Amino acid sequence: MNSWVRWLRGLGLAGAVLSGGVFGTAFGAIATAVPAVAQPATSIVVEGNRRVEADTIRSYFHVNPGERLDSYKIDQAIKALYATGLFQDVRINPSAGRLVVSVVENPVINRVAFEGNKKIKDEQLGVEVQSKPRGTLSRPTVQSDVQRLVDIYRRNGRFDVRVDPKIIELPNNRVDLVFEIKEGEKTGVKKIRFVGNKAYGDQRLKDEIKTTETMPFFGFLQQADIYDPDRVEADRDLIRRFYLKHGYADVRVVSATSVYDPAQKGFIVTFTIDEGPRYQFGKVTIQSNVPSVDAKSLYSRLRASSGAVYNAEAVEKSVENLSIEVARRGYPFAVVRPHGDRDQATRRISVTFNIDEGPRVYVERINIHGNTRTRDYVIRREFDIAEGDAYNRALVDRAERRLKNLNYFKSVKITNEPGSAPDRVVLNVDVEDMPTGEFSIAGGYSTANGAMAELSIAERNLLGRGQFAKFAVQYGQYTKGFQVSFADPYFMGYRIGVGADLFMRQTLASNYVSYDSETAGIALRAGFALSEELSFQARYSIYQQKITLPYVLNNCQYTTEALNFQAGSGPGVQPGNPCYDDGEASLAIRKELAAGRVLVSMLGYTLAYSTLDNNRNPTSGIYAEFKQDFAGAGGDVNFIRSTADLRSYYEMFSDVVAVLHLQGGNITGWGSKDLRMLDHFQMGPNLVRGFEPAGFGPRDLTNPLRQDALGGTMYWGASVEAQAPFTFLPKDVGLKGAVFADPGSLWDYKGPTSWDVTGETLNPADSSKIRASVGVGLIWNSPFGPLRFDYSFPLLKEPYDRVQQFRFGGGTKF
């Protein structure tokens, strides 16, 4: 080293000794300072380079005329060479009055491989690492890749993962980089605790968050029980929003701590909550500072109302509705700001929505990142604004909510940044695609349909275009068939959803119906949203229907002798005829059989209204729909069918939800064609629990061995039910109890009552009297699918009704 220092002094340099081992850099400085002199580039010799040109390396030591190459410049040059990632060692040595730069180039990566990974595919891991084939090998990059792989596994709940990088040397300074992975067992969430919650129990709050507890025997079927710190952090916001929605305007989720318990080999997650008092809305007013915008004309757009429980979500939607309405009136830059005034004494919050002229800001660009599968236009069409339009934050928030509701993405986040001018803004949409395909095998059993299995393949984001497709095959004890479905929610680029279904269904005779039926056809539909709560759908369906009867139910020979065989007087086949002894089917059914295949061509529409807080597990809100179908647009059948259905959910107490279900319907024939028996309503436990399918309503009592249900043209029903979870059981058990009361009625048979071919007549038992029942139920959202058990006690019934006190139904997908 002394000779090197003397050489530097001979050149007039005070130098820095810089050397680096493999993947590393060491810097040492010589403190002796001597005057610096100019060092021409031609006196710099480069050794050891293979791929990098010598002139490229010399350029790092280049100095301009009149400048001197001192120790500082040499130090910076060496650091810059290491920063390129091309070198694992750089040394400076004196040699015959020249500056010799000796380099050792980093090897070239021949391939990057992963070993031991079973839960995550090579393709997914390869996208995450920065070390790539044909790139240079860098120790800091490899270390970063190791940490990145560990983070990926930890996000998937495997905190015991171990990643070891191995380097396999090859000829010509090439290497194979192999990451040896020991995935370990998944680390689940063993317990979720809440501290400070008084208004809502632990079970109710667990229903609101995504993280779930690991179940002892069904963990292999769970996903959300895997510990994920990002999910836990998102749960904090879900809890906060839940409280804000239910009146707790001062709520704070103080912390969400996760502690690993070695004894349970899992995490204990604890949410600490400061609820604060519950508020109601005080006065709700609108203050418009925009000319020509009358505040009084905007009150119908508010979702918040005086006296109601304070709801931050209602405030947000009111801001959104007001912003859209004011923009429609020609003020796209108007800004709606809610101002709340708390009254601690009365626990009321008065809200004033101030409408002001906002700054004239335009959307310069909408950048979309992270969509590896979903196409850009699928994301852009969820925006009500486009590039060049006026910027409106309420519309941006609506687009973000719509994108989340698509269920195409794991995460959606929209941020904005300044544009190229003060009046320009750039929107950045960051999404992460999630799997949207589904292959499922479903199995189930119900007291109505017996055992049943279904095989289906579905894709809800077909080819990244946002379209839905499904093929399903059903095979059961009494039912079998298939269905092919396709739906496009944005037909021709417009917010109109269209769809088509091709179907075939066959049902076999059972204890509830005497006949086999076969139905095959196609259905077309188109619908659109009239508002956030109201939607309309039009449809057309055409199908062929045919029924068949087992021989024993259709073996009477209607000869003159048979027609005259009777106990009393008058024409027709009556009880006492020997052919009735094995159970002859009703006249109405045999007349349908004689008609052969029937073609039904039908137009219809549905008007639906929904304010449900959650479509899958609602606790508040209303869902109502009105349907009408008009058969007779061609085909062999004419009728007009109207039905109405309303469900109302209300949370009476913490975790106790009341459900009110009202329904009714009417069907009537028109024109010269009679109403078929098959077109009548058939009611049972779908209207009043405690009765068999088709268990009450008009019935043919001619043959006591059959007594076939005929159906009715009018029905109504009402159901009151209270549901509550079993708080002593973990959330993931998914058990709820229910108590219910059901009244309803089905009446007014208008099908065939005589048949000239046989000379028969029937006088159906038909009564509009109320049927009613009460009962208890067990609802299990099990790992094998939704199951429900009901035990009912009929209170009001007719002698000819058929009772079924216990009812069970359910299925699974895996």
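Leu455 counts as partly exposed because its relative accessibility is 39%, where buried means under 20% relative accessible area, exposed means over 50% and partly exposed lies in between, with a 1.4 Å probe and protein chains only. The residue has its place in strand β19; strands (E, at least two residues) and helices (H or I, at least four) are DSSP runs, numbered from the N terminus. The model is a predicted one, in which local features need pLDDT of at least 70 and side-chain atom pairs count only at pLDDT 80 or more, whereas totals for chains, interfaces and linings use all residues. Residues are numbered from 1 along each chain as its sequence is written, and side-chain values use heavy atoms, with hydrogens and water left out.

Leu455 belongs to a nonpolar surface patch of about 820 Å², which is also made by Phe439, Ile441, Ile457, Phe471, Val473, Val484, Leu502, Ile522 and Leu524. Patches consist of residues with over 30% relative accessible area and no salt bridge, like charges being joined within 9 Å and nonpolar side chains (Val, Leu, Ile, Met, Phe, Trp, Tyr) within 5 Å. At least two residues of the nonpolar patch come from each of β18 (437–446), β19 (450–462), β20 (467–476) and β23 (516–529).

In the protein as a whole there are 12 helices and 35 strands, and 44% of the 814 residues count as buried.

Side chains of opposite charge can pair when their charged atoms come close. A search of the whole structure finds 41 salt bridges, each being a side-chain nitrogen of Lys or Arg within 4 Å of a carboxyl oxygen of Asp or Glu. One of them joins the side chains of Arg373 and Glu459 (3.4 Å, N to O). This pair links distant parts of the chain, with Arg373 in the loop between β15 (362–369) and α9 (376–380) and Glu459 in strand β19, 86 residues apart. Arg373 is partly exposed at 35% relative accessibility, whereas Glu459 is buried, with a relative accessible area of 14%.

Another salt bridge is formed by Glu400 and Lys404, whose closest N and O atoms are 3.6 Å apart. Both residues lie in helix α10 (residues 393–405), four residues apart, which is about one turn of the helix. Glu400 is buried, with a relative accessible area of 15%, while Lys404 is partly exposed, with a value of 48%.

Technical notes
Areas by Shrake-Rupley, 256 points an atom, 1.4 Å probe, with all protein chains shown as cover.
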